[in-house]
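Take a walk through the model below.

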Amino acid sequence: MCLHTEGKIIETEDLEIQCGIFQWDSLSPQLFCISLIPLTQQMNKLNTGYEKHTTKTKISHLLYMDDLKLIGKTKEELQKQVQVIRTFSDDICMEYGLNMCAKIVLKRGKLVQSQNIILEFNRVIQQLKQRKTYKYLGTEKSEGIQHQQMKNRLTKEYTRRLRILLK
């Protein structure tokens with residue numbers, strides 16, 4: 001690592017990162033995000049996903065820290081995206097937790113049953129079952145938005161955190 005200061009460069013010896021990133025320091029989340037920029041670039045090159053009418057740009061994925069949501073118009077687009085993520089993950093020795101993965105197909109806001117995605121070594125990304133939810137950024141998602149349930153849950157969590165602060 002190099003630190004450029006006024007007229008001087010301070011350089012460390014080689015740092016060997018074997019697996020993962022350091023926890024509990026302020027630099028780790030930033031380094032993690034920076035390390036995933038090439039993944040976003042590769043995903044954008046695929047030219048998959050949904051096009052925003054106003055800007056004509058395509059959205060193929062949402063990425064925040066270690067939460068990744070893929071967005072594809074067809075099964076083939078989704079397969080391409082999964083392949084890029086699999087290759088990228090293998091290249092940087094990063095594992096993704098398939099137990100946390102789910103696939104959902106929506107047509108005009110309604111859940112449509114479809115096949116699971118089969119990966120190498122008989123690993124599977126399961127189709128999300130009807131009336132089930134998944135979490136993205138700590139918020140439960142499904143084919144429909146349960147506005148009142150979400151509002152109640154957020155109100156309850158906000159009140160809980162406020163009470164902790166006031167104590």
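Is I34 buried or exposed? I34 is exposed, because its relative accessible area is 53%, where exposed means over 50%, buried under 20%, and partly exposed in between (1.4 Å probe, protein chains only). I34 lies in helix α1. Helices here are DSSP runs of H or I with at least four residues, strands are E runs of at least two, and both are numbered from the N terminus.

This is a predicted model, in which local features need pLDDT of at least 70 and side-chain atom pairs count only at pLDDT 80 or more, while totals for chains, interfaces and linings use all residues. Residues are numbered from 1 along each chain as its sequence is written, and side-chain values use heavy atoms, with hydrogens and water left out.

How confident is the predictor? The mean pLDDT of the chain (each residue's confidence, from 0 to 100) is 79. A value of 70 or more is reached by 80% of the residues. Where pLDDT is low, predicted coordinates should not be read in detail.

I34 belongs to a nonpolar patch of about 600 Å², together with M1, L15, L27, L31 and I37. Patch residues have over 30% relative accessible area and no salt bridge; nonpolar side chains (Val, Leu, Ile, Met, Phe, Trp, Tyr) are joined within 5 Å, like charges within 9 Å. Areas come from the Shrake-Rupley method with a 1.4 Å probe, and for residues only the protein chains shown count as cover. Helix α1 (residues 27–35) gives the largest share, three residues.

Next, the hairpin. Strands β5 (residues 61–64) and β6 (residues 67–70) pair antiparallel over four bridges; pairing requires at least two DSSP bridges. H61 has L70 as its bridge partner in β6. Two residues sit between the strands, and M65 takes a positive phi near 55°.

R86, in helix α3 (residues 75–91), counts as buried because its relative accessibility is 15%. R86 touches Y96, L119 and E120 (heavy atoms within 4.5 Å), not counting residues up to four places away in sequence.

Last, the charges. The whole structure holds two salt bridges, each a Lys or Arg side-chain nitrogen within 4 Å of an Asp or Glu carboxyl oxygen. E157 meets R160 at 2.7 Å, N to O. R161 also bridges to E157, with the closest N and O atoms 2.7 Å apart. Shared partners join E157, R160 and R161 into one network.

Methods. pLDDT is the predictor's confidence in each residue, from 0 to 100.
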